Amino acid sequence: MSQVQQFQYDNKIVRAFGMASFIFAIVGMLVGILIAFQLIYPDLGFQAAFGKPLPAFLTFGRLRPLHTNAVIFAFVGNGMFMGIYYSLQRLLKARMFSDTLSWLHFWLWQIVILSAAITLPLGITTSSEYAELEWPIDILITITWVLFGINMFGTILKRREEHLYVAIWFYIATWVTVAVLHIVRSFEMPVSMFKSYSAFAGVQDGLVQWWYGHNAVAFFLTTPYLGLMYYYMPKAANRPVYSYKLSIVHFWALIFIYIWAGPHHLLYSTLPDWVQSLGTVFSIMLIAPSWGGMLNGLLTLRGAWDRVREDAVLKFMVVAVTAYGMATFEGPMLSIKSVNAISHFTDWTIAHVHVGALGWNGFLTFGVLYYLWPRMYNTQLYSQKLANTHFWLGTLGIIFYAVPMYWAGWTQSLKWTEFTPEGILKWGNFLDTVIAIKPLYALRAVGGSLFFVGVLIGVYNLAKTAAQGSFLSNEAAEAPARSSSAHPKGEYWHRWIERRPMQMLLASTILISIGGLIQILPMVFMDSQIPKISTVKPYTPLELQGRDIYIREGCVGCHSQLVRPFRGETERYGEYSKSGEYIYDHPFLWGSKRTGPDLWREGNKYPDSWHYNHMYDPTTMSPGSIMPSYTGLFENVLDISTTEAKIGALRKVGVPYPEGYEQQANADLTAQAKKVAENLKSQGIKDTQMEDKEIVALIAYLQRLGTDIKIKK
Amino acid sequence: MYKYILQSVEGIQLFGISAFLIFFATFLVVVYRAVRSSKTEMDHAAHLPLED
């Protein structure tokens, strides 16, 4: 027996991440509530109170990515690090490898979040969902992630406990997969400090995006939290996990299957059928490991269910794992093509993700916080009653959020596809389908607010808990040094890998890479395989600038650019989308939600003046519209100093602008802008001096959308 | 028609089939070994979180 060693666990870093998690829960959810209310009161009363529309940085399009980023990377991200830093030290019987690295990790991560909070409302965005941050921040994320990895693997290497518990496998898989995903999704060509274009175009960009986006859910929101479940559920219930064998199968099957499922976000898109089918098949298979894990968590409570009645920690955890079970049953169902045809682009998706985010991630984080705070402060929880109140407000909040969104989603889908007996669309005006669900949007805002009030009560409860206790910065512990004693011959194979973190890392990396490689590599062939449509040309400089305004304002948050091959869509929008139409789209802008109509065939549908009036005040052209006014576009002078760099950057990623076109681009831009301005004048627009304003570029872009394959009159 | 463009890539259907076979083989190995594993070893591992 080796000598017993004395050491201390670092609780300070756990507390820091925990506090950050709670603070950003408040920020992220507050932004969510703000944009939820915008769907009912588009200008939030600004016009009435201040005589001007909502400022651009508060509009839905710009704040929606802030909401998703804040919840995913700030709230859940900090929550994940809190949970990992606490459990990793204890499972390995070792202090974190380096306090300096721990704090560097903490502060750099908060700087990333702060950068997001500044850049996203300013409209600095790549527009790729959950990867909106621009390239300098991407680099900072990479550095932070590497430091976290060094700290984690350093701790694993100097551990006193030989065997790596299942939670740690999940942490390792999380680390490596997020690294791979982040790097590949960040292949982009910088134009300036705050602007870049995706290296991929059109359908390729779409595939990379949803391989990334889906696995951000899988490996940022799921695997680390499963690791937390495997540590904190047994701790809170004071009994071992139900089946360790099941956890082995759960782990390997889950990480291997998850990575393939991304294409289910692109069903009925222009993505090749075989990739869509692969996404569907693997998504359905995903039920097995997901439910295996969920049951393993719930059955850990066997014989302890009576305690769930009293213990707030267990309550939160039970609902979290149940929500996980519901979301992971629903996910595969949504991946079936015929179900997806109904759900895609509707609020059904919003309901689905919020069961996951509020239920699974939110409640597990709260459970862990309520577990950790009294222990780290060496006291009891200030009030079980308040914790119960938080629990019930949260649970009701989830129900009041999700149920109206399911209802809204089904309503949308039914109305979008309903035909009269004469064979014409019953709801031909898209806006009518929006107005019909506004009451449901109002209910959702109430649900979200309930959940939010619960969080505030939680913060108060934990602050009071902290005030009545005394914080254990360094918790004393002891354990024998790790002995490398001989292992019996014929030992169980998985124990072998459980002692070898680097082999575990390698095996995880191989498994998660296979899916990505098989799906994405053939798509690289497409460049040579896809017959270009001869009439599809790169955007003109003015349209390009207009497209970048479209990206800046986050239009993609509410408008898709993908007409699926359904009668309900071709009747409403026009010819369904073809891969060849998008080959110059860096990035792709298919979107994932239609709060407004699809815009892919918007070009030439209305006169320029329609767009002009509509962007100034959408309700003039579409009474009852909930789109914000974009009056800023009528005052801002278009910045044409960037044109040259943009053309150059796009040529580098494969858009065939002729050599030297940069020099001529702005002359072409000005000429086209003059033409748009003349059109506006001839169509009765009284304003003068419009040709150098941003609105002209945006109109030029909108009028180009989807027209390349239309027969020109 | 562009949807089917990859059909012109030689042997493209092998990608889907190989994907499934790789997964299924991995899965069978993991399940087989997990089922065969010793109970005492499993119990020790499962109790790790409760030992600190």
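Is Q519(A) buried or exposed? In this predicted model, Q519(A) has a relative accessible area of 1%, and because buried means under 20%, Q519(A) counts as buried. To find this residue, look along helix α19 of chain A, which covers residues 501–529.

Now let's see what surrounds it. Leaving aside residues up to four places away in sequence, Q519(A) touches L207(A), I259(A), W260(A), P263(A), V275(A), L278(A) and G279(A).

From here, turn to the aromatic rings. Over all chains, the structure holds 61 aromatic pairs. One of them joins F391(A) and W392(A), with ring centres 5.1 Å apart. The planes of these two rings stand at 80°, and since an angle over 60 degrees counts as edge-to-face, that is how the pair is classed. F391(A) itself is buried, as its relative accessible area is 5%.

Finally, look for places where a charge meets a ring. The charged end of R15(A) sits over the ring of F471(A), at 3.8 Å from the ring's centre. In another spot, K337(A) lies over the face of Y268(A), and the distance to that ring centre is 4.8 Å.

Conventions: Residues numbered from 1 in each chain as written. Chains lettered and ligands numbered in written order. Predicted model: local features only at pLDDT ≥ 70, side-chain atom pairs only at ≥ 80, totals over all residues. Heavy atoms only, no water. Helix = DSSP H or I, 4+ residues; strand = E, 2+ residues; numbered from the N terminus. Buried < 20%, exposed > 50% of the residue type's maximum accessible area, 1.4 Å probe, protein only. Contact = heavy atoms within 4.5 Å. Phe/Tyr/Trp six-rings, centres within 6.5 Å; stacked < 30°, edge-to-face > 60°. Lys NZ or Arg CZ within 6 Å of the ring centre and 35° of its normal.
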